[in-house]
Amino acid sequence: MQFILRISCVNWPHYRTVNLCSRGAVISEGLACVPLSLNLCFGCLGTSDNEITVEESSFVHTEPPQDGTAPPVVTSDMEVLHDGVKKQVIKEGHGKKPSRFATCFVHYRAWVQGSSHKFEDTWQEQHPIELVLGKEKKQMAGLGIGVSNMRSGERTLLHVSWELGYGKEGSFSFPNVPPMADLVYEVELIGFDDIKEGKARIDMTVEERIEAADRRKIEGNEYFKEKKFEEAMQQYEMAITYMGDDFMFQLFGKYRDMALAVKNPCHLNMAACLIKLKRFDEAIAQCTIVLSEDENNVKALFRRGKARAELGQTESAREDFLKAKKRAPEDKEIQRELRLLAEQDKALYQKQKELYKGLFGPRPEPKPKASNFLVLVWRWLVSLIGHLVKLFKRKNE
C-alpha cells in the first residue's frame with residue numbers, strides 16, 4: 001500500500017495540487033479553482049468511489065455535550081440502520097435527512113466500545129469535519145451510514161461493528177484503534193449542503209464559497225425571525241465553516257470584503273441567538289471575533305456590552321457601550337443600556353449602604369451640649385468660691 005501527501009499551494013486566483021509519494025517524489029500535479037494555504041490529505045493511491053472526503057473546517061462554537069470522558073448514557077430505543085450500525089437518539093433534529101453526495105458538517109467523539117479509550121474528539125479540537133456522503137473510506141463506512149440517517153441539529157449515539165470501522169488490523173498510527181474493535185460514536189450533525197454533485201469546499205471557487213455561506217446566513221435569518229434560535233445558529237455555523245481561517249487568510253481586496261460582509265453578520269447573529277439563549281460567555285466570544293477584524297463595529301460592541309452586563313461585568317460593559325456611543329451617538333438603545341447601568345450602580349450603592357449600616361449598628365446619638373448660660377454661671381461660682389477661700393486664708397494669717 002502506497003500513501004501520498006497532497007499539498008495545495010496558492011497561486012491566485014488558482015492553486016496547483018502536487019501529489020508526492022512518501023519518499024518526496026512528485027507523482028502528479030493538477031489545477032484547482034479555490035486557494036487554500038495548506039491541505040494535507042493522506043490516502044491510498046487509486047481511491048475508489050466508496051470514499052468519504054474528510055476536511056477540517058473552521059472554528060465553530062458548538063456546545064460540547066456532557067464532559068466527553070466516556071460515552072453518554074442514553075435510554076432511547078436502539079434503531080438498527082445496518083447489520084453493523086445501530087443508533088440511539090440523544091437529541092432530535094429537524095428537517096430532512098441528507099441525500100447521497102450531500103456535504104455534511106459533523107462534530108463527533110469516538111471510543112472503543114467497552115472501554116474508556118477515546119481516540120478522536122472534534123469538540124476538544126474545536127474543529128468539526130466535513131463529510132461528502134457516498135464516498136466512504138473503509139474505516140469511516142459506519143460513521144457515514146449513521147450520518148446519512150440523521151437530521152440537522154440531531155445528536156446521536158452510534159454503535160459500529162469493527163467490520164465497518166477500522167477492521168481486522170485496526171490502526172496503530174493516528175487514530176490509535178485496536179484490531180477488531182467495535183466503536184461508539186457520539187455524533188452531532190450541524191447541517192449539510194444537499195448538492196447532487198457532492199462538491200466539497202476545496203473544489204469551490206471563492207465566489208461559490210461566499211454564495212454558499214450567504215445562502216446559509218439567509219436561512220438562519222428566517223429561523224431567527226421565527227424565534228427558532230437553535231436552528232438559526234446551526235445555519236450561521238454552517239455559513240462560518242465556509243469562511244474558515246485558512247480561506248480568509250488568503251483573501252485580499254474586494255474578495256476579503258465580500259467574505260467579511262457574510263462572515264461578520266453570521267458571528268453577530270450567532271451572538272444575538274446566544275444572548276436570547278442566555279449563553280452569554282459564548283456571545284462575548286462571537287462578538288470578539290468580529291472586533292478582531294473591525295474594532296469599531298457598533299453592533300459587536302453593543303452586543304458584547306449587553307452580554308457582559310448580564311454577567312455582572314459592569315465596567316467592561318460600560319466601556320463597550322461608551323465605545324459604541326462614540327461611533328453612534330444618537331443610538332437610543334445604547335443610551336438606554338448606559339442608563340440601566342447607571343441605575344444599577346445607584347441601586348447597588350444603596351444596597352451596600354444598607355448592608356454596612358446593618359453590620360456596624362446604628363450611629364450613636366450625639367450628647368446634647370449644655371447651654372452657654374449654664375456654663376457662664378458655673379464658671380462664676382467656681383471663681384467666687386476661689387476668691388472667698390483666699391480671703392479666709394488671709395484673715396487667719
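Visitor: In which hand does H6 pass H8 in the crossing, left or right?
Guide: Happy to start there, and do keep in mind that this is a predicted model. The contact is made by Leu268, Asn269, Ala272 and Ile275 of H6 and by Lys299, Ala300, Arg303 and Ala307 of H8. Where H6 passes H8, the crossing is left-handed.

Visitor: Why is H6 roughly parallel to H8?
Guide: Helix H6 covers residues 253-276 and helix H8 covers residues 298-310, and their axes lie 10 Å apart. Angles under 35 degrees count as roughly parallel. H6 is roughly parallel to H8 because the two pack at an angle of about 20 degrees.

Visitor: How do the residues of the contact of H6 with H8 divide into nonpolar, polar and charged?
Guide: Good one to check by eye: H6 brings Leu268, Asn269, Ala272 and Ile275, while H8 brings Lys299, Ala300, Arg303 and Ala307. The division is five nonpolar, one polar and two charged.

Visitor: Which element gives the largest share of the lining of the second largest pocket?
Guide: That pocket has a volume of about 330 Å³. The elements that give two or more residues to its lining are H6, H8 and helix H10 (332-360). The largest share, six residues, comes from H8.

Visitor: How many residues of the lining of the second largest pocket are charged?
Guide: The lining holds 15 residues, and Ala272, Ile275, Phe302, Arg303 and Lys306 lie nearest the centre of the pocket. Seven of the lining residues are nonpolar and no polar ones occur. The number of charged residues is eight.

How values were computed
Residues are numbered from 1 along each chain as its sequence is written. This is a predicted model: local features need pLDDT of at least 70, side-chain atom pairs count only at pLDDT 80 or more; totals for chains, interfaces and linings use all residues. Side-chain values use heavy atoms; hydrogens and water are left out. Axes are lines fitted to C-alpha atoms, for helices over the stretch in contact, and angles run from 0 to 180 degrees between N-to-C directions. Helices (H or I, at least four residues) and strands (E, at least two) are DSSP runs, numbered from the N terminus. Angles under 35 degrees count as roughly parallel, over 145 as roughly antiparallel, 65 to 115 as roughly perpendicular and the rest as oblique. A crossing is left-handed if the near helix is turned anticlockwise from the far one by less than a right angle, and right-handed if clockwise. Contact means heavy atoms within 4.5 Å. Ala, Val, Leu, Ile, Met, Phe, Trp, Tyr, Cys and Pro count as nonpolar, Asp, Glu, Lys and Arg as charged, and the others, Gly among them, as polar. On a 1 Å grid over the protein atoms alone, a cavity is a set of points where a 1.4 Å probe fits but cannot get out, and a pocket is an open set with protein on both sides within 12 Å along at least five of seven lines; lining residues have an atom within 4 Å of a point. Grid points are joined across faces, edges and corners, and a volume is the space filled by probe spheres set on the points.
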